[in-house]
Amino acid sequence: MSKVVCDTSCLIFLEAIDSLNYLNLLFEEILITKEVAIEFGSVPSWINVNKLNPSNINNPLISLGKGESSSIRLALEIKPTYLILDDKKARKEALKFNLSVIGSLGVLLIAKKNGLMYDTENLIEKIRLTNFRINSNLLQLLKDN
């Protein structure tokens, strides 16, 4: 695969379930904004913090968090393969710009389809132990695919 832009929630979620490295295994370049780096904290060396300051866009992105809005702006500038966002409102805004959006579970599904994940039962249990709200149908999709 190619280049992705990630928001903070994706990084936090994948780290919480010991799956952050899937990003490194699946994508050639993982980009985040300075805002996301600040929100996330200690960023692995294989994640690139974009040094550019994405241009401001006068639109409803103002109603989103700093990490989400900066991630969308960066994606608009560099046109990644995927913009990885979990927040429903942020995803809705990104789709208005015709960006290819997936969530954290999308990353996990890609990992499974690429033969990187075998123990989905253990992973689903880890997901259930987090405070992230995930539709049970999506978890079943991870289990079935």
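# Briefing: sheet, cores and side-chain pairs

L31 has N48 as its bridge partner in β3. This pairing is part of a predicted model, in which five strands form an open sheet with parallel pairing.

- β1 and β2 run parallel and are joined by three bridges. Within this pairing, V4 has I30 as its bridge partner in β2.
- β2 is also joined by three bridges to strand β3 (residues 47-49), and these two strands run parallel. Between them the chain passes through α3, and this β-α-β crossover from β2 to β3 is right-handed.
- β1 and β4 run parallel, with three bridges joining them. Here C6 stands opposite I84 in β4.
- Strands of a sheet pair through backbone hydrogen bonds, and the pairing can be either parallel or antiparallel.

**The nonpolar cores**

- In soluble globular proteins, nonpolar side chains tend to be buried together.
- The largest nonpolar core of this model has 28 residues. The residues with the most contacts inside this core are C6, L11, L14, L23, I84 and L108.
- At least two residues of this core come from each of β1 (3-6), α1, α2, β2, α3 (34-40), α6 (104-113) and α7. The greatest contribution is that of α6, which gives five residues.
- Another core lies apart from the largest one and has 13 residues, among them L31, A75, L83 and L99.
- Leaving aside residues up to four places away in sequence, L23 touches C6, L11, L14, I30, W46, I84 and V107.
- I30, one of the residues that L23 touches, is also the β2 bridge partner of V4.
- C6 and I84, which stand opposite each other in the sheet, are both touched by L23.

**Helix α1**

- The buried residues of α1 are T8, S9, C10, L11, F13 and L14. Two of them, L11 and L14, are among the residues with the most contacts inside the largest core.
- Just after α1, D18 takes a positive phi of about 55°.

**The aromatic pair**

- The model has one aromatic pair. The ring centres of F27 and Y82 are 6.3 Å apart and the ring planes stand at 75°; angles over 60 degrees count as edge-to-face, so this pair is edge-to-face.
- The two residues belong to distant parts of the chain, 55 residues apart. F27 is in the loop between α2 and β2 (29-32), and Y82 is in strand β4 (residues 82-84).
- F27 counts as buried because its relative accessibility is 3%, and the limit for buried is under 20%.

**The salt bridges**

- The whole structure contains two salt bridges.
- D18 is exposed, with a relative accessible area of 62%, whereas K126 counts as partly exposed at 27% relative accessibility.
- The other salt bridge joins E93 and K96, with 3.1 Å between the closest N and O atoms. Both residues lie in helix α5 (residues 88-96), where they are three residues apart, about one turn of the helix.
- E93 counts as buried at 7% relative accessibility, but K96 is exposed, with a relative accessible area of 51%.

Technical notes:
Residues numbered from 1 in each chain as written. Predicted model: local features only at pLDDT ≥ 70, side-chain atom pairs only at ≥ 80, totals over all residues. Heavy atoms only, no water. Salt bridge = Lys/Arg side-chain N within 4 Å of Asp/Glu carboxyl O. Buried < 20%, exposed > 50% of the residue type's maximum accessible area, 1.4 Å probe, protein only. Helix = DSSP H or I, 4+ residues; strand = E, 2+ residues; numbered from the N terminus. Phe/Tyr/Trp six-rings, centres within 6.5 Å; stacked < 30°, edge-to-face > 60°. Core = buried A, V, L, I, M, F, W, Y, C linked by side-chain atoms within 4.5 Å. Contact = heavy atoms within 4.5 Å. Pairing = 2+ DSSP bridges. Right-handed = clockwise from strand over helix to strand, strands pointing away.
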